[in-house]
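These are my notebook entries on one protein chain.

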Amino acid sequence: MSLARHDWLLREEAHRDRADALTAAHRDRATRAEKHPVWDFLFTYYSYKPAQLRRWHPGAGVELADAVERLGWRWYSPGRSAGSAVPDAATFGQEKAELAALVEKMLRRTASRPGQFGCFGLHEWAMVYRAEEHRHAVPLRLGQAGTDAVVEKHDLRCTHFDAFRFFTPEAVPRNRISLSRDEQPLFEQPGCLHAGMDLYKWATKLGPLIPGELLLDSFELARDIRLLDMQAAPYDLSAWDVVPVPIETPEGKAEYVRRQRVFAERGAALRTALLNAWLGDGAREVA
């Protein structure tokens, strides 16, 4: 596939406008050094800045005509016509073999498993269980004793290592399984909110191999999931107009699972789109 300069410049401009709209509130808060317990996560944990998010790429194998300025960009190679440039998945795979293997493994293995929908977002509760200091300097909705009681009345079923690693020492043995970084691909599953948010992480890792439109789709999914993640958390975020999803109640659990399933469906479509955009028909089986 080849895009004429006029066409790809229009797509680049549309991408920048969309990215700017998505990051406007964050950039405005940054001018005032104002922190936000929900939305800062998208720019700190994932460490992809608004300026990077607004950089458009066409995706692996898509040739940009008259794009000589991009030939100096990482993982771009000359195309078939003079002065053209194309994001090169083969070069990426050679230079970043370990990363490429990990990303493909995580995407494929997660997609191959059924979603699990019985965790109820208790990972955030496990992060403050019997703790004197908390990750967010905001009060707990139920107080410390009430929060601890909720954890003790439930099974902890976390399958995502990057949530599990923040559990308090007292919460770790309460989880159904013990998780490690090396074994992360063995347990990742598509019902997990963090697995859905991490589609944005994998998209950023693949850089120009992912079309800009797909990158922003994955950002939007991460944004929407992040809201539920914190609505279901034990924190009182009323000062930021965050309405809680009280997962300690049957009604709260039902709402959480309903929205979790919708996110799992969106994530499944994006997971497939990321693999197709990057590897296309050349995708290999992952053991």
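The entries below record what I looked up, topic by topic.

**Entry 1: The model**

I noted before anything else that this is a predicted model.

**Entry 2: Helix 1 and helix 11**

I recalled that two packed helices are described by the angle between their axes and the distance between the axes. I looked up helix 1, residues 5–31, and helix 11, residues 212–231, and found an angle of about 15° with the axes 10 Å apart. Angles under 35 degrees count as roughly parallel, and helix 1 and helix 11 are therefore roughly parallel to each other. I recorded the crossing of helix 1 with helix 11 as left-handed. On the side of helix 1, the residues in the contact are Arg11, His15, Arg18, Ala19 and Leu22. On the side of helix 11, they are Gly212, Glu213, Leu216, Asp217, Phe219, Glu220 and Arg223. Sorted by class, this contact of helix 1 with helix 11 holds 6 charged, 4 nonpolar and 2 polar residues.

**Entry 3: Helix 11 and helix 12**

The crossing of helix 11 with helix 12 is left-handed. From helix 11 I listed several of the residues that take part, among them Leu214, Asp217, Leu221, Ile225 and Leu228. They meet residues of helix 12 including Tyr256, Arg259, Phe263, Leu270 and Leu274. By class, the contact of helix 11 with helix 12 divides into 10 nonpolar, 5 charged and 4 polar residues.

**Entry 4: Helix 5 and helix 12**

I looked up helix 5, residues 97–112, against helix 12, residues 250–279. The two axes come within 10 Å and cross at roughly 145°. Helix 5 passes helix 12 in a left-handed crossing. Helix 5 contributes Ala100, Val103, Glu104, Leu107, Arg108, Thr110 and Ala111, and helix 12 contributes Arg271, Leu274, Leu275, Trp278 and Leu279. I counted the classes for helix 5 with helix 12 as 8 nonpolar, 3 charged and 1 polar.

**Entry 5: Salt bridges**

I recalled that side chains of opposite charge can pair when their charged atoms come close. How many salt bridges does the model hold? The count comes to 23.

I looked up three of these pairs.

- Glutamate 152 and arginine 130 meet at 3.0 Å, N to O. Glutamate 152 is in helix 7 and arginine 130 is in the loop between helix 6 and helix 7, 22 residues apart. Glutamate 152 counts as partly exposed, at 35% relative accessibility.
- Aspartate 162 and arginine 181 meet at 2.6 Å, N to O. Aspartate 162 is in helix 8 and arginine 181 is in the loop between helix 8 and helix 9, 19 residues apart. Aspartate 162 counts as buried at 5% relative accessibility, whereas arginine 181 counts as partly exposed at 40%.
- Arginine 259 and glutamate 255 meet at 3.0 Å, N to O. They are 4 residues apart in helix 12, which means that about one helical turn separates them. Arginine 259 is buried at 17%, and glutamate 255 is partly exposed at 28%.

I also found that Asp162 and Arg181 belong to a network of salt bridges with Arg165, Asp198 and Lys201.

Is alanine 67 buried or exposed? Alanine 67 has a relative accessible area of 0%, and because under 20% means buried, I recorded it as buried. Alanine 67 sits in the loop between strand 2 and strand 3. Beyond its neighbours within four places in sequence, alanine 67 is in contact with Arg5, Trp8, Gly83, Ser84 and Ala85.

I noted two residues other than glycine with positive phi. Alanine 33 has a phi near 55°, lies in the loop between helix 1 and helix 2, and counts as exposed at 64% relative accessibility. Serine 47 has a phi of about 50°, lies in the loop between helix 2 and helix 3, and counts as partly exposed at 45%.

How values were computed. Residues numbered from 1 in each chain as written. Predicted model: local features only at pLDDT ≥ 70, side-chain atom pairs only at ≥ 80, totals over all residues. Heavy atoms only, no water. Axes fitted to C-alpha atoms, helices over the stretch in contact; angles between N-to-C directions. Parallel < 35°, antiparallel > 145°, perpendicular 65-115°, else oblique. Left-handed = near helix turned anticlockwise from the far one by under 90°. Contact = heavy atoms within 4.5 Å. Nonpolar A, V, L, I, M, F, W, Y, C, P; charged D, E, K, R; others polar. Buried < 20%, exposed > 50% of the residue type's maximum accessible area, 1.4 Å probe, protein only. Salt bridge = Lys/Arg side-chain N within 4 Å of Asp/Glu carboxyl O.
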